Amino acid sequence: MASLTFLIKYADYLYEMKYLKLALIYFIFTISVCLSQTRGPVFDLETWNPEGQDPYSLNGEWYFTWNKFIDPSSIISKKDIPSESQKVKVPKRWIELKKKYPSMGKATYIAVLENIPSERPLIFKIKQPYLAFKAYFVQDGKIKGVWNNGQIKTKSKDEVPGYYLSFKTIQFSKGRVFLIIHLTNQLLHTGGILRGVEVGTEHNIFEETNTRNFVSICVFGILLIMGLYHFIFYGVRRKDNGLLWFGLFCTLAALRTMCIDNYFEWVTPPNVDIYTWNRRIIFLTMYLLFPIFVNFLKTILNDEIPDLFKKIAWYISSFYMFTLLMPPNYFSNLVLTRVYQFILISLALYLIFLIAKAYYKKVPFAGIIFWSLFVVIFTVVYDIFANIFHLPIKDITTWGLILFVMIQSYVLANKFAKAYETAENLKAKLEVDVRNRTMDLELKTIELEDLMEKIYYQKKAREDLISHIGDAYMVFDKRGIIQDGSNQKSEKMFEVNLFESEAKKVKIWEILKLDKSQKEVFLKWMNNVFKGVIPFKDLLPFAPSRFNKNEFVELQFRPIYINEKQNRIGKIICIGVDKTKERILEEKMENDRQKVDFVTNCLKRPVEFIDLMDDTYNLLQKWELLDKTDLEKIFRIFHTLKARYSLFGLKNAAKVIHDIETHVSEKDLTKIEHKVEEFHEEVNYILRENKLVVEAAKKFLVGEGHAITIPLLRDKIKELKTLNELEQFINQNFVLGDFKEKFQKYHSLIKEVSEQLGKKVRFDLFGPEILVDTSRYESFVNASVHIIRNMIDHGIEGQEDRLNQKKAKEGILKIQFSIIDDIIEIIFEDDGMGIDPKLIKTKIIEKGIADEKDLAEKNIKDLFEFLFHSEFSTRENVTELSGRGMGLDIVKNEIDLLEGRIEVESEMGVGTRFIIELPLYN
């Protein structure tokens with residue numbers, strides 16, 4: 001009470017001062033003048049500079065018509081504004097007008113803009129988080145533009161709230177402009193234009209908006225980080241509840257910032273549910289922040305904050321939080337909110353008084369808390385003046401709040417530091433006692449270390465032997481002589497008698513069955529090992545890794561040191577590990593993986609799989625009728641078939657076909673027949689082992705609309721009148737398909753082949769939907785695998801090469817589809833190394849396809865035509881990927897059958913393009 005009397009007397013003393021009186025009178029007069037300057041409802045923009053830093057504010061008086069939407073086309077001049085319209089201030093709630101209007105309803109606002117700039121587009125901005133509106137810009141009796149934000153409706157269930165920030169860009173001619181806003185409120189307790197309207201240019205509108213967004217995001221990020229930081233800090237030190245309360249305060253403040261600036265709109269358009277929850281969170285955080293802050297101060301100032309005051313803060317907030325269970329128009333009630341704000345201000349003033357009292361009593365941390373609150377209050381007052389007098393520096397309240405939060409964090413850190421300092425002092429004292437008591441133990445430990453060092457090397461050698469007790473092991477010296485003591489498993493694994501091996505001078509390289517060259521390498525390796533110049537771990541990769549007689553036996557070597565510090569090795573242990581079971585298990589896992597890949601690919605692409613099986617059995621049934629002398633045709637058939645089997649992960653079948661290709665190249669008909677029979681058995685095995693998968697694929701054909709069921713066909717026959725209509729129905733629903741989709745199956749192939757070659761490739765498909773009878777192009781689509789494989793194998797470089805050429809690590813392979821008249825254009829393109837014309841010439845001459853004289857007159861385009869020759873290939877060795885020289889020849893043949901054309905474009909270091917044109921068969 002004495003403190004309060006002192007403050008009152010001090011205030012009276014200041015008031016008696018002459019200059020303070022004059023300053024107070026001037027301040028009140030200035031505020032009154034500024035607030036009395038009201039513009040509108042006719043806003044003259046003649047003196048406004050669009051190039052300036054500030055937009056033009058349309059705050060002031062507007063024409064207002066309650067419960068009516070005025071037709072914009074009826075407003076030609078000010079005389080057309082309805083007589084019942086009244087002038088009201090904007091921004092302002094309509095329930096606060098002289099004539100009290102209902103909280104929910106509709107209204108029309110009209111502003112007149114004179115001398116509006118016409119030489120450039122203008123941007124109108126409105127902050128409208130509560131309502132939906134539809135605005136019209138009318139000039140010379142014509143509607144120049146419409147500005148929608150949300151959906152204006154007369155029923156709450158139909159109204160959709162608008163965006164928090166809404167913009168409209170429009171350009172006018174010289175003259176007068178009417179801004180007419182139809183506005184509804186069916187959700188909240190308040191209605192009206194609540195945030196004001198601004199007009200500006202892209203420069204000043206978006207600069208201000210972006211600055212505010214940046215500040216908002218910074219504040220949100222700082223508060224959230226501070227909150228999480230203090231939560232983590234509390235997890236480390238649970239005894240300090242101040243960390244928990246301050247973490248909650250910062251987190252809720254961050255959440256409130258996010259909701260006030262409507263971050264949800266960055267993810268999803270506004271809707272009633274999100275809007276309602278957003279408002280609930282805003283009010284919830286408003287009710288929680290004060291009592292949580294009181295709890296935080298209680299942990300800092302202790303008895304200076306009465307328990308009764310803390311309870312009152314929580315009781316009031318709890319009552320208001322209960323109102324959030326009601327609809328928005330109830331919990332956002334203006335009277336209810338104003339009452340809470342009045343109570344909150346009263347409690348806050350009393351809290352400041354308590355902090356000032358604690359500061360006067362020199363309670364720890366009270367002073368810094370008091371002055372941080374003073375900074376926040378100062379920034380709030382400054383921003384009020386800055387907005388009134390248009391000062392250059394504005395919006396410092398946000399940074400005042402951040403500084404306040406940082407200072408409170410410093411208080412907690414300082415408090416923790418003092419507690420830590422006390423603990424450190426106790427720890428230091430304890431350490432002195434412990435140090436004295438452990439001195440004797442350390443002396444005894446030194447004596448034990450000498451003894452332990454002596455037995456270390458003996459123990460290590462035994463551990464190496466014991467760790468491999470289940471494996472075969474032999475010990476040999478620097479002469480390579482195997483020492484006595486090898487286990488019986490060594491004799492069994494290496495098929496040798498090691499009894500008295502040391503006396504018989506049995507050499508290790510004899511046991512390992514090393515040939516002459518391997519023995520020379522091994523002896524050099526032993527020589528370097530026993531010299532001890534190079535560390536053993538660096539020499540280990542040069543030792544034999546496999547037993548020559550049995551590749552499933554893995555060899556390992558361990559050193560036995562005489563002196564490990566000097567890197568001196570006395571003997572070496574050779575350990576034989578039988579990996580037979582592991583290899584069998586790996587093979588089984590690989591087979592299981594292949595089976596999973598097959599099932600996945602089969603069910604993803606049932607149409608292609610069923611087509612593959614049909615084509616395979618057609619080939620096997622007609623095999624006896626084929627002309628076996630036409631080896632080139634046979635090779636083409638199997639070469640494409642191999643690629644198709646690889647697409648489904650059927651590697652065993654692809655390997656058998658690869659052997660058939662080899663025998664075709666060798667022109668060995670007997671081996672070809674044998675391998676075809678083996679291929680037939682492999683296909684039967686695939687279908688037999690995967691019977692359920694095949695049945696599922698057939699069902700997917702029907703489920704995905706690729707096959708027509710008998711009941712559906714019967715119904716359509718009854719329903720449709722002519723065969724033409726039936727044919728058209730079947731074509732539209734079961735025959736025609738998007739050409740581009742047929743190439744989707746190559747995604748898995750490209751991933752598999754690129755990984756196999758150690759490359760990284762991205763595959764993209766571009767182009768419109770092209771409906772065709774895909775069965776006409778099936779052979780071409782299947783043959784296209786050769787272009788794709790060539791691009792990955794020959795075109796796209798390895799990752800290191802691409803980085804050296806300053807390309808992205810990931811290569812690009814794309815297919816572009818387009819249609820011009822009745823021609824389908826398909827472009828296969830990569831960004832690889834390109835095709836070297838010199839290399840092509842060299843290979844053509846080497847293969848005997850043409851001589852140097854024939855090639856002298858050929859241009860690059862003619863030279864690229866040789867890529868489609870059946871014997872042309874740039875590979876030296878034949879692999880399962882490429883090297884046969886038949887891939888592009890097969891593609892060319894399929895294109896010719898479709899009466900199309902193909903050409904190649906390539907640039908060294910840039911990439912290659914295969915341009916294909918096919919007639920449209922639909």
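**Rings and charges in a predicted model**

Trainee: Which ring does the charged end of arginine 280 sit over?

Mentor: This is a predicted model. The charged end of arginine 280 lies 5.3 Å from a ring centre. A charge counts as sitting over a ring within 6 Å of the centre and within 35 degrees of the ring normal. The ring here belongs to tryptophan 277.

Trainee: And which ring does the charged end of lysine 106 sit over?

Mentor: The distance from the charged end of lysine 106 to the ring centre is 5.0 Å. That ring is the one of phenylalanine 69.

Trainee: How many aromatic pairs does a search of the whole structure find?

Mentor: The search covers the whole structure. Rings pair if their centres lie within 6.5 Å. The total is 44.

Trainee: Is the pair of tryptophan 66 and tryptophan 94 stacked or edge-to-face?

Mentor: Take the angle between the planes, which is 75°. Stacked needs under 30 degrees, and edge-to-face needs over 60. With centres 5.0 Å apart, this pair is edge-to-face.

Trainee: How many residues apart are the two tryptophans of that pair?

Mentor: Tryptophan 66 is in strand β3. Tryptophan 94 is in the loop between β5 and β6. The pair links distant parts of the chain, and the separation in residues is 28.

Trainee: Is tryptophan 94 buried or exposed?

Mentor: Its relative accessible area is 0%. Buried means under 20%, so tryptophan 94 is buried.

Trainee: Which residues do ring pairs link into a cluster with Trp66 and Trp94?

Mentor: The cluster holds both Trp66 and Trp94.

Trainee: Which residue forms a salt bridge with arginine 120?

Mentor: The closest N and O atoms are 2.1 Å apart. A salt bridge needs a nitrogen and a carboxyl oxygen within 4 Å. The partner is glutamate 51.

Trainee: How many residues apart in sequence are the parts that this pair ties together?

Mentor: Arginine 120 lies in the loop between β6 and β7. Glutamate 51 lies in the loop between β1 and β2, so the pair ties together parts whose separation in residues is 69.

Trainee: Are lysine 807 and glutamate 797 buried or exposed?

Mentor: Their side chains meet in a salt bridge, at 3.0 Å from N to O. Lysine 807 lies in the loop between α27 and β21, and glutamate 797 in the loop between α26 and α27. Both residues are buried.

Definitions and conventions. Residues numbered from 1 in each chain as written. Predicted model: local features only at pLDDT ≥ 70, side-chain atom pairs only at ≥ 80, totals over all residues. Heavy atoms only, no water. Phe/Tyr/Trp six-rings, centres within 6.5 Å; stacked < 30°, edge-to-face > 60°. Helix = DSSP H or I, 4+ residues; strand = E, 2+ residues; numbered from the N terminus. Buried < 20%, exposed > 50% of the residue type's maximum accessible area, 1.4 Å probe, protein only.
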